[in-house]
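Have a look at the molecule before reading on.

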Amino acid sequence: MTKRPLILVTNDDGISAPGVRALIHIMNTLGDVVVVAPDSPQSGMGHAITLNSTLYAEQVFIDDGPQKEYSCSGTPADCVKLAIREILDRTPDLCVSGINHGSNSSINVIYSGTMSAAIEAGIEGIPAVGFSLLDYTWNANFEASKPFVKSVTENVLKHGLPNGIVLNVNIPNSSEGHIKGIKVCRQAKANWVEEFDKRQTPQGKDYYWLTGKFVNLDNGEDTDEWALENNYVSVVPSQFDLTAHRFIKDLNTWNLND
C-alpha cells in the first residue's frame, strides 16, 4: 500500500487565520498533514528568524480533522525550521504556506513571511509552494481558490521541483470577476512608493506609520501582475540564489585587488 505524502502546512497570518484553515482542508485530501504555524500574525516578517528570545511550540486543537497542529511563538521561517528539526518524525514530501490574506506578487515576495516559509523549506530540499489570495480581509472567501490550490499541489507532488526552486502562487479575488485559469509567469518589475505618516504623542514624541502605493513599472503580458489584473492565477517559479550571474563577467573586469 502506497504511503500518503507527508505535507507540512504553515503561514504568516497565524494558525487561526481562515486562509490556513482552508489550506489545511485541501491538504487533508492529498496527504498526512502536520501544521506548524505562528501563534500570532507575522505578515511582512520576510525571512526573519528568532535568535535572541525563547521559542515555544505546543500542540493545539482548532478544527476537527486528521491533521496534527502546533502553534509556534516564532516567525514563519522559525516554524519550518522547528518542524523539520524537532516536530516531524521524517522529512516532509511537501511544504505549503498560506493561503495568505493579500498579494505576494512581484516585489512583495521579498517582504513576505508566507513565501519565506516556503523558501526555508526549499533551502532544506523540500518541494514548496506559497499561496496567496488578493483579498486582505480576515473574512475573505477562499472557495474559488481551492481548485487551483489543489491542482498546483497535485502537480508538485507528481512532478517535484528542481533544487533551489519554489513556487509563488497568487490568486485573484473571485468577487471581482471569474477566475479564468492559471498562467505561468515571471515576476513583474514593480515596487512600493513609500511615505511615512508622521504624528506626535501627547507628550510631543514623534512616531511614524508606514504608508505608500504599489506601482507596476512593467508593461509585459507575461508577468504575475498582468495575469492577476486579467483574472488569472499567477504561478512564478522563484529561486533563493540571489546571485546576479549575468554580472559576474563584468565584475571580474574591475580592478578589485588594486
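The questions below set values from this predicted model against the definitions behind them.

Residues are numbered from 1 along each chain as its sequence is written. Because the model is predicted, local features need pLDDT of at least 70 and side-chain atom pairs count only at pLDDT 80 or more, while totals for chains, interfaces and linings use all residues, and side-chain values use heavy atoms, with hydrogens and water left out.

Q: What makes up the secondary structure of the protein chain?
A: The chain has seven helices and eleven strands. Both kinds are DSSP runs numbered from the N terminus: helices are H or I with at least four residues, strands are E with at least two.

Q: How much of the accessible surface of the protein chain belongs to carbon and sulfur atoms?
A: The share is 50% of about 14200 Å². Accessible areas come from the Shrake-Rupley method with a 1.4 Å probe, and for residues only the protein chains shown count as cover.

Q: Why is Pro38 called buried?
A: Buried means under 20% relative accessible area, exposed means over 50%, and partly exposed lies in between (1.4 Å probe, protein chains only). Pro38 has 0%, so the label is buried. This residue sits in strand E2. Buried residues make up 46% of the 258 residues in the chain.

Q: Which residues are in contact with Pro38, leaving aside its neighbours within four places in sequence?
A: Contact means heavy atoms within 4.5 Å. The partners of Pro38 include Thr10, Asn11, Ile15, Cys72, Pro76 and Cys79.

Q: What makes the pair of Asp32 and Arg4 side chains a polar contact?
A: A polar contact is a pair of N or O atoms within 3.5 Å; within protein, one must be able to donate a hydrogen and the other to accept it, and residues adjacent in sequence count only if both atoms are side-chain atoms. The side chains of Asp32 and Arg4 make such a contact at 3.1 Å.

Q: Why is the pair of Glu120 and Lys81 called a salt bridge?
A: A salt bridge is a side-chain nitrogen of Lys or Arg within 4 Å of a carboxyl oxygen of Asp or Glu. Glu120 and Lys81 meet at 3.1 Å, N to O, so the pair qualifies. Glu120 lies in helix H4 (residues 113-123) and Lys81 in helix H2 (residues 76-87), so the bridge ties together parts 39 residues apart in sequence. Glu120 is buried at 4%, whereas Lys81 is partly exposed at 34%.

Q: How many salt bridges does a search of the whole structure find?
A: The search finds eleven. Among them is Arg90 with Asp93, whose closest N and O atoms are 3.3 Å apart. Another is Asp218 with Arg186 at 2.7 Å. Asp218 is buried at 13%, and Arg186 is partly exposed at 33%. Salt bridges that share partners also join Arg21, Asp63 and Glu69 into one network.

Q: Which elements do the buried residues of H2 pack against?
A: They pack against strands E1 (6-10), E2 (32-38), E3 (57-60), E4 (68-72) and E5 (94-101), and against H4. The buried residues of H2 include Pro76, Cys79, Val80 and Ile84.
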